[in-house]
Each structure stands twice: as structure tokens, then as C-alpha cells.
Amino acid sequence: MIKRRSSILATLSVLTVLVSCSAKETAVVAPPAPVKTVANTAHRTPSIRPPALRNPSVNLSNSPFNSTKVSYSRIPTAAPYIAMTFDDGPHPVYTPRLLDMLRKRNIKATFYVVGTNVKRYPSIIRRIVAEGHEIGNHTVNHPNLSKMSNSAVRNELNGARDSIVAICGVKPRTMRPPYGALTTSQRSWIHSEYGYPTILWDVDPKDWQKPGASVVASRIVQGTRNGSIVLAHDIHQATVDAMPASLDGLLRKGFKFVTVSQLLSLGGTAQ
Ligand code: NI
């Protein structure tokens, strides 16, 4: 009796399997026949974007540069070289966006990074360096150095330098004081002790006041001349939004973008 019952059960289970298999088979839908398309040569959708403007690759020395002066806000030159500088980053969203814009145009810029953000976003620092941009020292905590003791200034510069070196293996070669605030004697001892010239700027779109992207762009395009050092901040969305118009406007005027060290290699006098 037990044997018979188990054989009935076995038969039932086989039937169940068969039923379920056949149910599955009927559920399979035959794939649709591939649709053949042909090119429509009669019409081509016009591109809404003109071809991107491209910065020429500039073969200027960037090491060692001819830095005999302690402080620069511009390099007097007849050649159309300029340096874009971006301060206070990196920012986790805006800096990568900016890097995409620069890469698309073959533009090399200089980033005055803050030590606290360097530690927070090491992969962005490595990307900046890998894509050929220059890194400058902008202290660890962004204080007003002109009101600080020499040893406190040293701590700020050493801390930022050490974080940058640890993360990307590159040593900054110039510094920019936060707010541009540095006394004459501080500029002098920093230059002799670190080899850093103090890098200020001659074009300031005051983007930190958030005047809007189009105002930032027109101030940059109007204010830049041969040898200019342009100040901007990659921690503000409107600044990065202003970059396509700023960069393309400058390229259209015939300017060639180089790093700060490359610009300094042209020589020049103290500002
Ligand atoms: Ni700053």
C-alpha cells in the first residue's frame, strides 16, 4: 500500500513537472524580427553646438621657472599668454565639472587648493595633476596670514604642502595668500625659505560676491590682457557656470592658456 501510494505520488509529480514545463514553453514569446533601417541621406539634423574651441598646446618651460621676483600679479609680455587660477577647492561637484570643461578645450590651469579640502577630496587632486594642471599652495585653513606669526604661517604652508605631496607626489612651486594678504617681509622670507613666489592676480571678476555667471564671464573676458593672471573660485557654482563663456571668449580673442609656472618662465618684473 505504501509502495503503491508513493508510486502514485511520483507519477503525479512527474505530471506536475510536465504541466509546468509545457506552461512555461507556451509562455515564451518569439522574439520580433529585427527591423531593418536605412540611412536617411535626404536629411541630417543640424548640430546645435559649434565645434569646441581648442587651446593650442603651448611648449613653454614649466620647470625651473625664472622666478627672480618675490611677488607677481601679472607678467608683462607682448605674447598672448594668460593663466587661469582657481582657488579654495577642490569642490566635490564643481571642480570635476570644471575639469571636464578644461579638458574639452585643452586648457591647463592652476589650482590654489586649501589643505582641508585636499584631504577631503584626494581623488580630485590626483585628477587635477593627472590632467596636466598645476597645484599651488593656498594654506591649510585659509587664514589671513598677514596677521600671523612666522611660525604660524610656516605651519599653514607646511601642512598644505605636505598633504599635497602625500596625495599626489607633486610639490607646489608657488603660493597664493588667502585674501591676497601678505606683508612685504613675509613675501620675502617665504620666497627665500620655500622658493615660492607670491602669486596674486590682475583680473578679479569678484565671483565670490555671486554677481551671476554672465557678469563673471564678461568681467573675465573684458579684463584679461597679455600676461594676465585671472582669479576665480571653483567652489561656487556660478563661477563654474561662467567658465564655458569665459574660456571660449578668451580663446576667440586669441589668448593662449598656460599654467602659472609657464607664465613665470617668460620672466617679468615684480608687481
Ligand atoms: Ni582663497
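Modeller: Before anything else, pLDDT is the predictor's confidence in each residue, from 0 to 100.

Colleague: Fine. What is the average pLDDT of the protein chain?

Modeller: The average is 88, and 86% of the residues score at least 70. This is a predicted model, in which local features need pLDDT of at least 70 and side-chain atom pairs count only at pLDDT 80 or more, while totals for chains, interfaces and linings use all residues. Residues are numbered from 1 along each chain as its sequence is written.

Colleague: Where does pLDDT stay under 50?

Modeller: Over residues 14-25. The model has zero contacts beyond four places in sequence for that stretch, a contact being two residues whose C-beta atoms, placed from the backbone, lie within 7 Å. Where pLDDT is low, the predicted coordinates should not be read in detail.

Colleague: And the secondary structure, how many helices and strands?

Modeller: Nine helices and seven strands. They are DSSP runs numbered from the N terminus, H or I over at least four residues for helices and E over at least two for strands.

Colleague: How much of the chain is buried?

Modeller: Buried residues make up 37% of the 271 residues. Buried is 20 or more other C-beta atoms within 10 Å of the residue's own, exposed is 12 or fewer, and partly exposed is in between, with C-beta atoms placed from the backbone.

Colleague: Which residues touch the most other members of the largest nonpolar core?

Modeller: A83 and V230, in a core of 57 residues. A nonpolar core here is a set of buried Ala, Val, Leu, Ile, Met, Phe, Trp, Tyr and Cys residues joined through C-beta atoms within 7 Å. Leaving aside neighbours within four places in sequence, the contacts of A83 include T110, V230, V258 and L263.

Colleague: Switching to helix packing. How do α2 and α8 cross?

Modeller: The axes of α2 (residues 94-104) and α8 (residues 237-252) come within 10 Å and cross at roughly 5 degrees. That makes the two helices roughly parallel. Axes are lines fitted to C-alpha atoms, for helices over the stretch in contact, and angles run from 0 to 180 degrees between N-to-C directions. Under 35 degrees counts as roughly parallel, over 145 as roughly antiparallel, 65 to 115 as roughly perpendicular and the rest as oblique.

Colleague: Which residues of α2 meet α8?

Modeller: Y94, R97, L98 and M101, against Q237, V240, M243, P244 and L247 in α8.

Colleague: What about α4 and α5?

Modeller: The axes of α4 (residues 122-130) and α5 come within 9 Å and cross at roughly 75 degrees, so the helices are roughly perpendicular to each other. P122, I125, R126 and V129 of α4 meet I164, I167 and C168 of α5.

Colleague: T139 has a positive phi. What is the value, and where does T139 lie?

Modeller: Phi of T139 is near 70 degrees, and T139 lies in the loop between β4 (134-137) and α5 (150-168).

Colleague: Is T139 buried or exposed, and what about Y179?

Modeller: T139 counts as buried because 26 C-beta neighbours lie inside 10 Å. Y179, with a positive phi of about 65 degrees, has 11 such neighbours and counts as exposed.

Colleague: Last one: what is G115 in contact with?

Modeller: Beyond four places in sequence, T139, V140, G159, A160 and S163. G115 is in helix α3 (residues 115-120).
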